[in-house]
Amino acid sequence: MDTKGILDIIQHNGENQAGLIAILEEIQAEYSYLPEEALRLVAKETGRSLADVYGVATFYKAFSLKPKGRHCISVCLGTACHVRGAQKIVEEFSQELGIKPGETTSDNEVTLETVNCLGACALGPTVVADGHYFPHVSRNKVSDIVDAARNGLETLDGKTDGRVFPLQVSCPVCRQSLMDPDHHIDGHPSVTLDASFNGRKDRVHLSSLYGSRAPASGNGVPHNSVTRLHCPHCQSEIPSFSDCLECGSPMAALYIREGCTWEVCTRRGCQGHMLNLNQIDLLKNDEGK
Amino acid sequence: MKTFQTVSEFNAYRTAIMDSTKDKKPCIVICGGTGGQASGSNDLIRIIKRRILEQNLHDKLSLRVTGCLGFCEMDPFIIVEPGYNLYPKLKMEDVPRIIDAAVKGEVVEELLYREPGSTVKRFSQQEIPFFQGQTRIVLGQNQNLDPIRIYDYLRMGGYAALEQALGKPDHEWIVHEILRAGLRGRGGAGFLTGKKWELARNAGGSGRKYIICNADEGDPGAYMDRSMLEGNPHAIIEGMIIAALAIKATHGIIYVRTEYPLAIKHATIAMRQARSLGLLGRNILGQGIDFDIEIFQGAGAFVCGEETALIKSIEGKMGEPRQRPPYPIAKGLFGHPTCINNVETLANVPYIVNHGAEAYAGIGVENNTGTKIFSLVGKIKNTGLVEVPLGTPISKVVHEIGGGPVGNAKIKAIQTGGPSGGCIPASMFDLPIDYNSLAKAGSIMGSGGMIVMDMNTCMVDVAKYFMSFLKEESCGKCFTCRKGTQRMYELLEDITLGRGTPEHLTLLEELAQTVKDTTMCGLGQSSPNPVLSTLRYFREEYERHINDKRCDAFVCKQLTGAPCQAACPVDTEPWRYVALVEKGDYEGAYRVIRSANPFPAVSARVCDRKCESRCSLGAGGGEAVAIRALKRFVTDRVEPSVYRPEPAEDKGRKVAVIGAGPAGITAAHQLSLLGYRITVFEAEKIPGGMLTCSLPAYRLPRDIVEKEIEGLMNKNISIEYGRALGKDVTIQSLLSQGFEAVFLAMGAHESLRLGLENEDVEGIFPSIEFLKDFNMRGKELARGHVGVIGGGNSAVDAARIALRQKEVTGVTLFYRRTRDEMPAHEEEIEAALEEGVRIETLVSPIKVHAGEGRLAGIECVKNRLGGIDASGRPTPVPIPGSEFTVNLDTLVVAIGERPGSGPLASMGLEVDKGGRVKADRNTLETSTKGVFAGGDLVTGPNTVIDAVASGKKAAHIIGRFLSGQPLVEPARPKLPGVYIEPAVFEESGEAPPRAVPASLPVSERVMNFREVESALTEEQARTESRRCLRCDLEFTMQQPAEKTAGAAIGGVRHD
C-alpha cells in the first residue's frame, strides 16, 4: 500500500472529521476498494476510532471492503429498470459470469454489481461496464457486454473507425504547422510542442488522432505536473481559454483554422481534450474586454 | 476570463453578449448528457465534427452539444435550428446527409420524426405531441446551451436575475417574491420555499450559515435533478447565489450522488467559470458579499436524501437521521443554520426573479403554482423528462405526452414518489397532479419519478421491490423500520413464492401501520406506502397470488414456471413438446400435446398463441419460438391413434351438454373418460360450433375439424342434432329426465346490430348469418360491391369469404378507429389486404340508404381519435361535416357478437346486460344447482383455446360435483416437472431466425378455400425447436429423482 499517497489524500481533505467521506472516496477510487491498512491509517490520522471509520465505510454503498476485478459491470435496479425486467438481466449476468452480484470472477477480471439507480431511467434496463452505458439491455445482449468489458471498451480502431480522424494543427500565434512528419504516433504525424515545468524543459509529441487515447511521449517533466506549452517555432506560450473538463487544469488551444481549435490539457498524463468548433465566440469576447 | 468588480461592468459584458449573437447560421443540437451518451450520441458528435472540419463548414453551421433534452426515448437524436427539425434514433451513417441538408437549409424528410405507427412526418419539434403538451420553463433552457460554456448561459440572459438581486441593497424582497410566487419545494414534501427562506433569513446571527442544494436524487426512477445539474448547472448556481443573498448564507454545498459523474463534472466546471467572472467567491461583483459553493459527493445511501441524515453525511458520519426539532434551519451543518433546497426548486428561482412572482403564480393551479418535471419512464411509449404545470391531469401526461402504452399491454398504474410513494391505478388518471391530490390518493409527489406500469408488471412484485430497497436502505436506527421493512419484505416474498396465505395480508397491513406510527424519519414513516397503496388498489392481485397461486403478469417465477406453459389456458407444456421435437420424438411430442388438449390439430391452426406472446425468447429481445407452427408440424405428421385414452367403466350417471362447439365437445369427452354418460344437444345439423360455422375453411379445413371431433367420440357420448335449448329442451326437462348435471356451452351466436334505420332491408346481413349460411350451407349471400363493418376477426373473415364468392366485384371493410386498434389478428388483416380487401379506417356508418326495400349504400362520417376510453383504446370522435356516401350492394355487419341467451333467463338463470350467463369464475356454477356454464356463453366472444379450457374445467368440476367432492381444490402453481436433457450443439455465430411456414401465394388462394398455411418441413422444425431457451430446466434440473423417471419413459410423465 502506498502510505504516502494515502497521507496525501488525508492531508488535502483537511484532516478534519468532515472530510472522512471524501477521503474514503478518493482511496476507493485509487484502489477500487478500502484496504484494511488504509482504514487504520485514516483512523489514526483523523483522530477517529477505527470502529467509527469502519461504521462509515460500511454504511455507504459506494464503499467496498473487498478488492474488485479489473472490470466492473453494474446492473441498474432502479424502479424503471426493474419494471422492464432488470432482475432477469442480473440473473443472466450471474449465469454468464458464474458469480453472484457483489462477487468477482476467480480470475479477478470482472466484478458484478447492482446499483439502486443510475439516473438513465428512460433507457432501462441499463448496464454500465467500466463507465460505458449500455441502454435497453435484453438477455441476449448480456454475453456481448461481458465480452466487450473483458476485451476493453476503450479501443477504437483508427484505420477503420469513422469516429477517429487525424487533425492538422498549427501555432495560434505564428501559425506555423506543429505537425512533425518524422515522428508518427497512431500511424499519423504527431503534434510537437515544447513543455516546461519548474525550469525543466521537454519536447513532447501528441497523437494527432482525435479520439486517440495514446499518451503523449517525452519524459522530461514529471507525471501529473501542469506544464506550460510553447510553440517550437516562435516560442510563444500556447494560450488557454478553458479548463480541462477532466481535471480542471488549463487547456492549451492549438489552432486548426479560424474559429476551430483543438484544446489539450496541459497536465502531463491527463488525456482531457476538446475539439472546439465555436472558439471564435470566446476569442472575440476576450479581445473585446 | 476577466473578473468583474462591479455590477455595471458585468451588465455591460452580459448585454454585449446578448446583443452580439444574432447568429443566423443553422445549428445542430445534440444531447451529450448521460442519456444521450449512453445511446451513442458521442459517436454522432465525432462524426459531425469530422464532417464540419473536412467539408470546411464551420462558418456555415454550428454545433451545440447540450445536456438532456428530455425526449430520451428518441436518443440519439438531432435537432436542426432554425427549423427545429427533429431526427430521431439516428445512426452514424445518417449524419452526413443531415449536415449537408442543414447547410443548404433543407430537410431530410425520410429521417424526420413521425409518431410510432404513423406515416405523418412532423417537420418541427413544436409539432410533436411530446413537446406540444409541455410547459418547459425550466427544462426548456437545456436545449439552448452547452453546459460547459458559461457564454451560452449568458447569451440566454443567464445571471440577469443575480444581477437584479445584487442591484438592490436589501435582499429581503427576494424572500417575499418567492413567497408570493408560491413556489413549493420540489424535493417531495412541498414545503413553501419562501417560508423556509424567511425562517432561514431570521435564523442565527451574523455567523456562518449554509445553503445546501440537495442533488442526492436517491429515488430510483427519477433523473430530472441529474439532467438539470448536467444540462444547465449555471441555473442551479445562480439560484443558489440568489438564495444565499436572500437568507444571508455564507457557504454553499451541492450534495450530489457519486453515481452522477457527469453532473459533478459540469457543476465543477460551471462553478470555476462563475468564480473567474467574479460571480462566486470573495466579494461578488464588488458588492462586499462573500459566498462560495463546494461539491460534496454522496457515497450512496438513500436515507441521505432526508435532511438531517444528509447533514450527518457531510459531517463525515453515518447518515442516520436525528430527531427534529431543532430543524436544520435553526441548527444544521456543524451546528450552524442550514437551508436545504432541492435542485429543481433552485432552478426555478432565476425564472421567478426574472419574470416576477405574478407571472410564475399564473402557471399551475392555486396553492400549486409553477411547473414540475417528471421522469416518465417504465412501460410507456415516450420515455423521458416531462415538464407540465402543476394540476395537469395524469392522463394528459401518460397518454398525450407519453403516447400511451408500448405494444398491446394495457397501462394499469403509475407509481410516483419513489419508495416513499405509492401507486395510482389507471382508473384514477383524471386526477390532477398536485401535492394534495397525490397525497389524498395515497401517494406523494416525491422528487418526480413517474413509473408507468402495465399488465406485465406485477404489483406484488413492485411492493416487494420497494421493500427490498427500503430494508437495504433503512439506516437501522429505529427498530420498527429496520425489522419492519425486513418482515414486510419476507411476507411479500412468501406471497410471490406461492407460500402466501390470507393471514399474510392481515399481518402485512398491521405491520405497515405499526411501522408508520412508530418510526422517526420520513423514510421510515413512508416506508409502508408501497405496500399500503398496492393493497388499496390492487388487492385482487395479491389474492390471486395467494388463492390461485397465479401471477398474471408472469413476473413471480415460482408461480409462473415456464411462461409458455403458464400462458396456455389448457395447461399444455410447450417447452416439453418442443424439446421432444428437437430429439426427433414426434410421437412423444404428440402425446404431450394431446394429453392437455383434445383439439391439437385445430389448435395448431387457429390457436391465438398465448404461449408465443409470453415466450422468454420474444421477451428477451428476440423472436418467440414458433410454437404453434411446431404443433402443426407434429399434428400433421403423427396419427392421433398414438394417444387414445380409454373411457373409465360406465358409472351409469347422465350429464347433459348443450352445444357441440369446442367447449361442449371437450367437456363431453373429458366427462366420458371419467365414466359418465353424456348427451350433447346441438341446435345445428353438424358439430363444431364456431369452428365450423364461423371459421373459414382456408384457415381451418373442414376435414380436420370432423376428424378431430370424431376421434373424441366414444361409447359414452351421444349427440342429438337439431335440438336447441329453449325450443326442444329446457333445463328443467333435462334435470327431470335424470341428467344429474347440465353444462351450458352454446357460445355467442347473436350478431350485434348497428341500430340504424333501414337495417333490416334486403342486402344487409349480420355477420354470423352471413358466415353460417356460407360455411354450413354453402350459400353465397354477397354480390357486387360488398361492405363489411367492423374490425375484429369475424369482420376480416367475412371480408375474405365475400371476396371468394362468385358475384362479388370488390370488398371494403370499414373500421371506426385506426388499423393499430383493430382487434383482428395482424396476419389475418395482412392476408386480407394481400388478397385485395380494401380497409377504410376512422369511419363510422351513420345512415343506411335503401331503394325499393333493398340496400343502396351507406352514409359514413370520418372520425379522429380522442381520449382513452374504458377499454384502454382511443375513442373515435366524429368530425362534423366529413360525411360521405358509399354505394353498396351487400353489407355485412360484424361489429361483435353476444350469446343468444334470451331463453335462459326464463329458465331461471341469471344473465347480464351483454347476454352473458353469470357463472362463478372458479366453479362455473350458475344460479341453478347442478347447472354449469362455460365458453363464449359466459365470457362473450372469445378464442377457441379458451373455450376448450372452459370445457376441460367444466368436466373436472362436474366430476367432483357428481362424486360429492368440494368443487375447488387448493391451488398449486403449475411448474415444469419432467426433466428432458437439453440438446448440446455448436454455437454457430448468428442465431437462426424464427421459422416461417410456407403459405399459398395470393394468386393461388383468392378464388378458393384451400388451406393457406402449410406445415414446417422437418428440417425447419428441428432448427426451430433448438431456438427454445428451455425455461423449464430451471425447475427440473433441481429434481434429479424425476430426471431418471422422465428419461425412462421418453420424457412423458404418466399422471
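This note walks through a two-chain predicted model, point by point.

1. **Ground rules.** Residues are numbered from 1 along each chain as its sequence is written, while chains are lettered from A and ligands numbered from 1 in the order in which they are written. Because the model is predicted, local features need pLDDT of at least 70 and side-chain atom pairs count only at pLDDT 80 or more, whereas totals for chains, interfaces and linings use all residues.

2. **Chain A overall.** The secondary structure of chain A comes to eight helices and 13 strands; helices (H or I, at least four residues) and strands (E, at least two) are DSSP runs, numbered from the N terminus. Its C-alpha atoms fill a box of roughly 60 × 50 × 40 Å along the principal axes. Of the 289 residues in chain A, 41% are buried. Here a residue is buried if 20 or more other C-beta atoms lie within 10 Å of its own, exposed if 12 or fewer, and partly exposed in between, with C-beta atoms placed from the backbone. Among contacts in chain A with a separation of 6 or more, 50% link residues 24 or more positions apart; two residues are in contact if their C-beta atoms, placed from the backbone, lie within 7 Å.

3. **A sheet in chain A.** Strands 11-12-13 of chain A, in that order, form an open sheet of three strands with antiparallel pairing; two strands pair if DSSP finds at least two bridges between them. Strand 11 (251–257) and strand 13 (273–276) of chain A stand at the edges with a single partner strand each, so one side of each has no neighbour in the sheet. The twist averages 15 degrees from one strand to the next; axes are lines fitted to C-alpha atoms, for helices over the stretch in contact, and angles run from 0 to 180 degrees between N-to-C directions. Strand 12 (residues 260–265) of chain A pairs with strand 13 of chain A over four bridges, in the antiparallel sense. If you want a spot to look at, Trp262(A) stands opposite Leu275(A) in strand 13 of chain A.

4. **Where the chains meet.** The contact takes 64 residues from chain B and 52 residues from chain A. On the side of chain B that touches chain A, helix 3 (residues 41–54) of chain B gives the most, with seven residues. That side of chain B divides into 25 nonpolar, 24 polar and 15 charged residues. In this count Ala, Val, Leu, Ile, Met, Phe, Trp, Tyr, Cys and Pro are nonpolar, Asp, Glu, Lys and Arg are charged, and the others, Gly among them, are polar.

5. **A sheet in chain B.** An open sheet of five strands in chain B runs in the order 18-17-16-19-31, with parallel pairing. Its edges are strand 18 (717–721) and strand 31 (931–933) of chain B; each has a single partner strand, so one side of each is left without a neighbour in the sheet. Twist averages 20 degrees from one strand to the next. Strand 17 (residues 677–682) of chain B pairs with strand 18 of chain B in the parallel sense over five bridges, and Thr679(B) stands opposite Ser718(B) in strand 18 of chain B. Helix 40 (residues 944–962) of chain B packs on the sheet, touching strand 16 (654–658), strand 19 (739–744) and strand 31 of chain B, and its direction makes about 160 degrees with that of strand 19 of chain B.

6. **Helix 14 of chain B.** Eleven of the 13 residues of helix 14 of chain B are buried, so the helix is largely enclosed by the rest of the structure. The buried residues include Val343(B), Leu346(B), Pro350(B) and Tyr351(B). Gly356(B) follows helix 14 of chain B, and its phi is positive, near 90 degrees.

7. **Backbone points worth a look.** Most residues other than glycine have a negative phi, and most peptide bonds are trans. A cis peptide bond joins Glu81(B) and Pro82(B), with omega about 10 degrees; Pro82(B) is in the loop between strand 3 (78–81) and strand 4 (85–87) of chain B. The bond from Pro325(B) to Pro326(B) is cis too, with omega near 0 degrees. Lys549(B) has a positive phi, near 55 degrees, and counts as partly exposed because it has 19 C-beta neighbours inside 10 Å. Phi of Leu842(B) is positive as well, near 60 degrees, but with 22 C-beta neighbours inside 10 Å Leu842(B) counts as buried.
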